[in-house]
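Colleague: I would like to learn how to read a model like this one. Can we go feature by feature?

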Amino acid sequence: MMLSTEGREGFAVKVRGLPWSCSADEVMRFFSDHKIQNGTSGIRFIYTREGRSSGEAFVELESEEEVNLALKKDRETMGHRYVEVFKSNSVEMDWMLKHTGPNSPDTANNGFEEIVQFFSGSSRVAELKFEPTMIPLESSWLCSGQVPMIGRGLAEGIIALAGELGLKG
């Protein structure tokens with residue numbers, strides 16, 4: 001007998017086609033016949049890297065039955081727009097929230113604040129300012145404090161920059 005992983009993955013739907021100015025209260029009204037987990041806190045909007053609404057959101061629901069009922073809202077309208085509703089789960093939701101823009105427009109910073117926070121615990125003080133620099137791929141001439149970021153994530157880039165600046169833990 002195979003054990004279900006549904007309980008660990010949670011119950012959620014992904015909603016696409018929302019008006020860009022849509023609020024959590026409007027999503028609550030759209031799903032008014034459904035049990036949304038934790039009220040408006042169970043509605044998680046997806047933002048672009050620039051902090052603008054993408055027109056997509058995840059809605060956490062209380063049960064598989066609620067998910068199936070919510071799927072019936074697919075292609076219903078919100079204002080002048082029709083909204084698509086897809087079955088999802090918390091694993092997909094967490095991945096999307098982590099790999100897209102900030103969780104709210106107020107926190108759009110392209111990761112710069114995370115870099116400053118990383119270096120703030122260092123024994124050496126480094127003044128950081130965000131100035132994107134174009135470095136040709138062919139070039140192997142890098143000035144101090146410049147690290148090629150091609151193919152690196154934020155964490156790898158921070159570690160590489162720390163090594164270039166001679167900062168350790």
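Colleague: Is Glu-64 buried, partly exposed or exposed?

Modeller: This is a predicted model, so every value here is computed from it. For accessibility, under 20% counts as buried and over 50% as exposed. Glu-64 has 24% relative accessibility, so it counts as partly exposed.

Colleague: Which residue forms a salt bridge with Glu-64?

Modeller: Look for a side-chain nitrogen of Lys or Arg within 4 Å of a carboxyl oxygen of Asp or Glu. Here the partner is Lys-87, with the closest N and O atoms 2.8 Å apart. Lys-87 lies in strand β5 and Glu-64 in helix α3, so the pair ties together parts 23 residues apart in sequence. Lys-87 is partly exposed too, at 44% relative accessible area.

Colleague: How many salt bridges does the count come to?

Modeller: Five. One of them joins Glu-84 and Arg-16, whose closest N and O atoms are 2.9 Å apart. That pair links distant parts of the chain: Glu-84 is in strand β5 and Arg-16 in strand β1, 68 residues apart. Check the accessibility of each partner. Glu-84 counts as buried at 14%. Arg-16 is partly exposed at 34%.

Colleague: Which side chain meets Glu-76 in a salt bridge?

Modeller: Lys-73 does, at 3.1 Å from N to O. Lys-73 is buried, with a relative accessible area of 15%. Glu-76 is partly exposed at 35%. Salt bridges can also share partners: Arg-16, Arg-75 and Glu-84 are joined this way into one network.

Colleague: Now a charged residue without a partner. What is the nearest side chain of opposite charge to Glu-60?

Modeller: Arg-44, and it is 4.7 Å away. Glu-60 sits in strand β3, which covers residues 53-61.

Colleague: Let us turn to helices. Which residues of helix α4 are buried?

Modeller: Start with the general idea. An α-helix has 3.6 residues a turn, so residues three or four places apart point the same way. Now the case. In α4, residues 90-99, the buried ones are Ser-90, Met-93, Met-96 and Leu-97. Seen down the axis, they fall within an arc of 125°, so they line one face of the helix. On the other side, Val-91 and Lys-98 are exposed.

Colleague: What reaches the backbone nitrogen of Val-91 at the start of α4?

Modeller: A side-chain oxygen of Asn-89 does, coming within 3.0 Å.

Colleague: Next, backbone angles. What is phi for Asn-38?

Modeller: Again, the general idea comes ahead of the case. Most residues other than glycine have a negative phi. Asn-38 is not a glycine, yet its phi is positive, about 65°. Asn-38 lies in the loop between α2 and β2. At 59% relative accessibility, Asn-38 counts as exposed.

Colleague: Where is Arg-75 found, and what is its phi?

Modeller: Arg-75 is in the loop between α3 and β4. Its phi is near 75°, a positive value in a residue other than glycine. Arg-75 is partly exposed, at 48%.

Colleague: Which side chain makes a polar contact with the side chain of Arg-75?

Modeller: That of Tyr-82, at 3.4 Å. Tyr-82 lies in strand β5 and is partly exposed, at 45%. Beyond its neighbours within four places in sequence, Tyr-82 is in contact with Arg-16, Gly-17, Arg-75, Glu-76 and Thr-77. Tyr-82 and Pro-19 are 63 residues apart along the chain, and their C-alpha atoms are separated by 9.4 Å.

Colleague: Last, the whole chain. How many helices and strands are there?

Modeller: Six helices and five strands. From the N terminus on, they run α-β-α-β-β-α-β-β-α-α-α. Of the 169 residues, 33% count as buried. Among contacts between residues at least 6 apart in sequence, 64% join residues at least 24 apart.

How values were computed. Residues numbered from 1 in each chain as written. Predicted model: local features only at pLDDT ≥ 70, side-chain atom pairs only at ≥ 80, totals over all residues. Heavy atoms only, no water. Helix = DSSP H or I, 4+ residues; strand = E, 2+ residues; numbered from the N terminus. Buried < 20%, exposed > 50% of the residue type's maximum accessible area, 1.4 Å probe, protein only. Lys, Arg positive; Asp, Glu negative; His and termini not counted. Contact = heavy atoms within 4.5 Å. Arc of directions from axis to C-beta. Polar contact = N/O pair within 3.5 Å; in protein donor to acceptor, adjacent residues only side chain to side chain.
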